[in-house]
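Biologist: Could you show me the model, so that we can go through it together?

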Amino acid sequence: MKKKLVSLAISSILVSPAFANTLSNPQIGVVLDGYYQNGERNNSERSEGFGLGHTEISMSANIDDKFHGVLTTVLETHGDETELLLEEAFIQTLTMPYGFNIRGGRFLSDFGYMNNQHMHSDSFVERPVAYRTFLGSHYYDDGLRANLVLPTDMYVKLGVEALSGSKMSAVDDATAVGVYTTTLKIGDDFSESSSWQFGLSYLRNENGKVNNFEEHDHSTDGHDEHDHSHASAVTGSNLYGADFVWKWAPNGNYKYSNFTLSAEYMLLDDIVDSKFKGEKNAPDTLAAYYVSGVYRFTPSWSAGLRYSDAESYEGHVHHGSTQPHLTSLNDSEIDAMVAWDSSHFGTVRAQYTRVENQDKATDNVFTLQYVMTFGAHGAHAF
Amino acid sequence: MRFKNSTLFVTVSAVMLSAPALALNIFVCEPEWKALLAAHAPKATIYSATTALQDPHYVQARPSLIAKMRQADMAMCSGAELEVGWLPMLQARSSNPAVQNNKQSMLYASEIVSMLDTHHHVDRSMGDIHAYGNPHVQFAANDMIRISRVVSKRLESIDPANAFSYLVNGVKFREHWRQKLVEWEQRAEPLRGIQVVSYHETYRYLFDWLGMEQIADLEPKPGISPTTAHLQSLTRLDPASFDAIIYSSHQNKRAANWLHQQTDKPVIQLPLTVSKGQTLDELYDQILDDLLRVLAQPQPVKG
């Protein structure tokens, strides 16, 4: 009798929709990111010593049958200060016809390959120097996006965005809508074991052209101010991007081993106002790129190599002069990393970076980092 | 002969009733649902996101899958978070209203099956575990009839022009499945009470159905790959307490072979799902063959 009762109770648990408690609204996820490093990389958000990186609290849910909403806040510490950033706060349509979808609010721009992916899914401690210089590590902004996926066997996606552009503004009287982007993505499988994606991006920045250089006093150390800037280091009227990613896994089974090769190239032009043309070192175009390869050789171990290079410049006027003083800069970095995954949700990573900056000074930066998530863990993009 | 007649009947009625509409485009997450849907909608174009050699937990939301999902009139997956690492990304990126959750045309098998191992408390320290229950429902043999009924109904509502053919195919599938269930349960009699060490609770529903019992797992926790320490602990199992070591075709065989060397228990590799062109009942036949070949050998004559 007792046994019967127990089995009755159990079966009622099984039949009852246990879905109710986990499908609860909204999904909440936390990413913890902590590190120690013995140096610093240029244009970086991470400083020397112990620090907390991209600590993320994210909530998402379907608002109703037509809209999905996401809110992602990021906490970052810099010395004694803790910054609270709103990285994503957007709504997205779910049921538009013909493969359209619209997103509005604050979101990561679709420019390039890596930009719209969350930082905690990266294989390296920081974004490549190309991203840190041209896109402020990762470019997110307020605005509107429309995407269209074509009904073809080959993946073809077209996208346009209109964004405030405040993080990429180089002028004081910026227009309200500063940035427009347009992107094309195509992709397919080479075989059951290997897949690829290729993208072209164009970013028009109405406020990107520098028309004024600030006075700069050589005696003060202006470093601390801009140490953890989230804005891009250089801007121009036009930014062009091309990206390619190739992923391989035996029989398409990614669990035990897989390899990812990705590369992006960016070109910035129309950088300074025409009145500065002809100045010594006035940049005409600037280029940046990275190439990265990551090999997972067991479910819990992976290793990767990355090379990144970014051209930039620095400009200021001396007191009492109208002539700007411009300097060409160049950063390149080689990263080597080894990561251990305790599970799908916890990663400990060691990374060595050989930094070669402007004046050909070299530096070695070693970082030990953990990235761990709890709560809801969203699916990752290709 | 009777089979031939009914095929003819279905074909004729399908031709008569169906408008010259394009065949349905169906996206499935795992090959077993392709086999099931092919039995119900033989004219449909069905694309499976994974193959028998892939672990459905670890799939990339790759461009080709987004393109396929974009064109789907209907999708079917196991659900219960099995595909949580990639399916939501496909749904979002494909911008296809038909494959969003809570649509008639988005079907999850685990919402139909009586789930085993549901949990009230779920903690990631328990491994990659789901409160919904064990998502490997392709071996929930008795529930397949209920799944078939839902599939028929959904197909009928999505593609009313061919409703009659879905109805007939559904009835045929269920009748055949009922016969097979009787046959399988008879054949599987020697397996009742067999105890095994297996990998990842992949065959939880199969063992439950056949009255077998999994007494230990090669994985320390679901989703955590076998560790040396955990495998060492398995060698301390009483050798009399289990009869075989079972793992799935997409899983790494090293752990199973290692335990085999330590304990001399037979190793059985079972398919995870249908292979190309195989029907769902052929998969079940194959699994029973594989199990019986090793576990139901004639008892040696004592003397």
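This is a predicted model: local features need pLDDT of at least 70, side-chain atom pairs count only at pLDDT 80 or more; totals for chains, interfaces and linings use all residues.

Biologist: Let us start with chain B. How many helices and strands does chain B have?

Modeller: Chain B contains 10 helices and 8 strands.

Biologist: What radius of gyration does chain B have, and what would a compact globule have?

Modeller: The radius of gyration of chain B is 21 Å. For 303 residues, a compact globule would have a value near 19 Å, so the two agree. Along the principal axes, the C-alpha atoms of chain B fill a box of roughly 70 × 50 × 30 Å.

Biologist: And what share of the residues in chain B is buried?

Modeller: Buried residues account for 55% of the 303 residues in chain B. As for contacts in chain B between residues at least 6 apart in sequence, 64% of them join residues at least 24 apart.

Biologist: What about the charges in chain B: how many side chains are positive and how many negative?

Modeller: There are 29 positive and 30 negative side chains in chain B, and the centres of the two sets are 6 Å apart.

Biologist: Now to helix α6 of chain B. What should its 25 residues span?

Modeller: Helix α6 of chain B covers residues 163-187 and, at 1.5 Å a residue, should span 36 Å. Its end C-alpha atoms are 36 Å apart, which agrees with that expectation.

Biologist: Which residues are buried in α6(B)?

Modeller: The buried residues of α6(B) include B:Y166, B:N169, B:G170, B:F173, B:R174 and B:W177. Further along, B:K180, B:L181 and B:W184 are buried as well.

Biologist: What spacing in sequence makes helix residues point the same way?

Modeller: An α-helix has 3.6 residues a turn, so residues three or four places apart point the same way.

Biologist: Changing topic: where is B:S95 found?

Modeller: B:S95 lies in the loop between α4 (87-94) and β4 (106-108) of chain B.

Biologist: Is B:S95 buried or exposed, and why?

Modeller: B:S95 is buried, because its relative accessible area is 4%, and the cut-off for buried is under 20%.

Biologist: Which residues is B:S95 in contact with, leaving aside its neighbours within four places in sequence?

Modeller: B:S95 is in contact with A:M96, A:G99, A:F100, A:N101 and A:V149.

Biologist: That brings us to chain A. How many helices and strands are there?

Modeller: Chain A has 4 helices and 17 strands. Of its 382 residues, 48% count as buried. Chain A exposes about 17900 Å², of which carbon and sulfur atoms supply 59%.

Key. Residues are numbered from 1 along each chain as its sequence is written. Chains are lettered from A and ligands numbered from 1 in the order in which they are written. Side-chain values use heavy atoms; hydrogens and water are left out. Helices (H or I, at least four residues) and strands (E, at least two) are DSSP runs, numbered from the N terminus. The expected span of a helix is 1.5 Å times one less than its number of residues. Buried means under 20% relative accessible area, exposed over 50%, partly exposed in between (1.4 Å probe, protein chains only). The radius of gyration is taken over C-alpha atoms; the globule rule is 2.2 Å times the number of residues to the power 0.38. Contact means heavy atoms within 4.5 Å. Lys and Arg count as positive and Asp and Glu as negative; His and the chain ends are not counted. The place of a charge is taken as NZ of Lys, CZ of Arg, CG of Asp or CD of Glu. Accessible areas come from the Shrake-Rupley method with a 1.4 Å probe; for residues, only the protein chains shown count as cover.
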